Amino acid sequence: VSPAAAAVARTLINVTSPVKLAAEDGVVEVRLRDAYDNLIRSDRVSSIAVKLVPNGDAPAITADGGAARVSYAGNGLHLLRYNIPTAESYTVLLSVDTIPVPVSDTFVILPGPAVAATSTAQGIGLQ
């Protein structure tokens with residue numbers, strides 16, 4: 001028996017590391033289930049749309065192969081991999097077959113270490 005169509009209300013989203021440094025790789029696990037709670041064990045990458053929405057002024061990120069991309073790892077597990085250079089708190093929003101998933105998860109990108117070549121210092125007595 002094969003699972004039925006994906007039921008967005010049963011979709012599972014899991015941010016594997018809720019805190020990352022800027023430009024550090026992160027992963028969100030996505031598992032699609034049907035209305036009967038059966039895990040859908042097939043590649044549904046083309047059915048999954050992703051938007052990473054920041055809490056601040058940074059623009060939203062979509063999974064277009066740039067800073068975020070979706071892949072199928074097998075055995076019902078889809079992976080959203082991201083590498084974001086802007087420090088911010090992000091909410092993961094998904095849709096499956098254009099239907100929004102009613103659950104979400106969040107992660108935080110912290111500033112990375114200072115880089116001397118691109119850093120400046122200001123203050124009294126600095127030369």
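1. **Ground rules.** You're looking at a predicted model, where local features need pLDDT of at least 70, side-chain atom pairs count only at pLDDT 80 or more, and totals for chains, interfaces and linings use all residues. Residue numbers start from 1 along each chain as its sequence is written, and side-chain values use heavy atoms, with hydrogens and water left out.

2. **Strand S8.** Have a look at residues 88–96, which make up strand S8. Seven of its nine residues are buried, so the rest of the structure largely encloses this strand. Buried here means under 20% relative accessible area, exposed means over 50%, and partly exposed is in between (1.4 Å probe, protein chains only). Strands are DSSP runs (E, at least two residues), as are helices (H or I, at least four), and both are numbered from the N terminus.

3. **Its strand partners.** Two strands pair if DSSP finds at least two bridges between them. S8 runs antiparallel to strand S4 (residues 48–54), with seven bridges joining them; Pro 54 has Tyr 90 of S8 as its bridge partner. S8 also pairs with strand S10 (residues 105–110), again in the antiparallel sense, over five bridges.

4. **The hairpin.** S8 makes two antiparallel bridges with strand S9 (residues 99–100), where Ser 95 stands opposite Pro 100. Two residues lie between the strands of this hairpin, and Asp 97 takes a positive phi near 50°.

5. **The aromatic pairs.** There are two aromatic pairs in the structure. Tyr 82 and Phe 107 have ring centres 4.2 Å apart and planes at 15°, so they count as stacked. That pair links distant parts of the chain, with Tyr 82 in strand S7 (residues 77–83) and Phe 107 in S10, 25 residues apart. For Tyr 90 and Phe 107, the ring centres are 5.5 Å apart and the planes are at 20°, so this pair is stacked too. Tyr 90 sits in S8 and Phe 107 in S10, so the contact ties together parts that are 17 residues apart in sequence. The cut-offs: rings of Phe, Tyr and Trp (its six-membered ring) pair if their centres lie within 6.5 Å, and planes under 30 degrees apart are stacked, over 60 edge-to-face, the rest tilted.

6. **One cluster.** Put together, Tyr 82, Tyr 90 and Phe 107 form one aromatic cluster. Tyr 82 is buried at 0% relative accessible area, Phe 107 is buried at 1%, and Tyr 90 is buried at 1%.
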